[in-house]
Amino acid sequence: MTRPPGPPAPPSPLRPSRRRTALALVPALAASLLTTAGCSAVDGAGSGAAPKADAAASASPVAGQLPSPSPSVTVAPTLTEAQVKSALISNKDLGKGWKPTQGGATWRDALLKGRTDIPDCQRLLDGLYAEDLLGEPAGARAVKGLDDTDDGAQVRYQVGAYDRAALDASLAWLKEVPGKCGQFTAADVRGGELTVLVTATPLPGVGEARESLRMKVYGESGGSSAVLTLDFAAVRVGDSALSLTNGGLDGVSANSTRQAAQLGTQRLQDVLAGKKPAARPASKEADAEG
């Protein structure tokens, strides 16, 4: 009697089938291919793309340079010593009776040097006496003194280059002075009392910004009672400015103050524009002075 064949023997654990071996190799092969592609991409970025970009940048005429300022941006010119001097007015601008100064007026020490407990009013007195009511210039400055031989008035006129923000702050402060120091008292150098009145005054619409004050100081000068009338005017043109005082014990001409500010502004604008300042007004006296 013949025996039926038995079930096939299971494969040996030491010899896996070829199908399982092939399936096991697929993930490893895929990982190997991805790694190779990644390395190629990195190598290409480092050796191909970057050199092209570098070459393009090197070929550019502005490579490595800062961008040029926009043509719409204007830079205010800086005044030189020679320019601020040429922007000053002279006695010829104010007309007959005006001469180059013979020295500081005697009323300056008697009626402008004073002490008060009000900070803004002290700043006003100190600035007028030191002739720096607009603050210290950031650049060149020139000053000229002129005397009116008819009534004894004296003009102190200056032009300077300033820091714009500081200059605007000074002009804004000057606008508030009449409200803060409309009337105050101060002790003079002898220990006497000064009474000071301050008012805002009109100025022609010149320059880019302007302020003007009139001050009356009641006190003593030369051993006698005296009243000083003093005009102050300032005009800004760009980063530069002119300022002037016109003072005297017998009153001052507001027209002279306005004329000095108006003619001076035109001269300053001409200088800043690189032009020769306009000729000074002609007069027989001016011609005689040469």
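Reader: How many cavities of 30 Å³ or more does the structure hold?
Author: The model is predicted. A cavity is counted where a 1.4 Å probe fits but cannot get out. With a volume of 30 Å³ or more required, the number of cavities in the structure is 3.

Reader: Which residues lie nearest the centre of the largest cavity?
Author: The largest cavity has a volume of about 100 Å³. Its lining includes at least two residues from each of α5 (119–130), β4 and β9. The lining comprises 14 residues in total, and those nearest the centre are E131, Q158, F232, S243 and T245.

Reader: How far apart are the end C-alpha atoms of helix α7, and what should its residues span?
Author: Helix α7 covers residues 254–272, which is 19 residues. At 1.5 Å a residue, the helix should span 27 Å. The end C-alpha atoms agree with this expectation, their separation being 27 Å.

Reader: Which elements do the buried residues of α7 pack against?
Author: Buried residues in α7 include S256, A260, G264, R267 and V271. An α-helix has 3.6 residues a turn, so residues three or four places apart point the same way. The buried residues of α7 pack against α2 (81–86), α3 (91–94), β1 (98–100), β4 (154–161), β8 (224–237) and β9 (240–248).

Reader: Which residue caps the N-terminal end of α7?
Author: The backbone nitrogen of N255 has a side-chain oxygen 3.3 Å away. A polar contact requires N or O atoms within 3.5 Å. The residue that supplies this oxygen and caps the N-terminal end of α7 is S253.

Technical notes: Residues are numbered from 1 along each chain as its sequence is written. This is a predicted model: local features need pLDDT of at least 70, side-chain atom pairs count only at pLDDT 80 or more; totals for chains, interfaces and linings use all residues. Side-chain values use heavy atoms; hydrogens and water are left out. Helices (H or I, at least four residues) and strands (E, at least two) are DSSP runs, numbered from the N terminus. The expected span of a helix is 1.5 Å times one less than its number of residues. Buried means under 20% relative accessible area, exposed over 50%, partly exposed in between (1.4 Å probe, protein chains only). Contact means heavy atoms within 4.5 Å. A polar contact is a pair of N or O atoms within 3.5 Å; within protein, one must be able to donate a hydrogen and the other to accept it, and residues adjacent in sequence count only if both atoms are side-chain atoms. On a 1 Å grid over the protein atoms alone, a cavity is a set of points where a 1.4 Å probe fits but cannot get out, and a pocket is an open set with protein on both sides within 12 Å along at least five of seven lines; lining residues have an atom within 4 Å of a point. Grid points are joined across faces, edges and corners, and a volume is the space filled by probe spheres set on the points.
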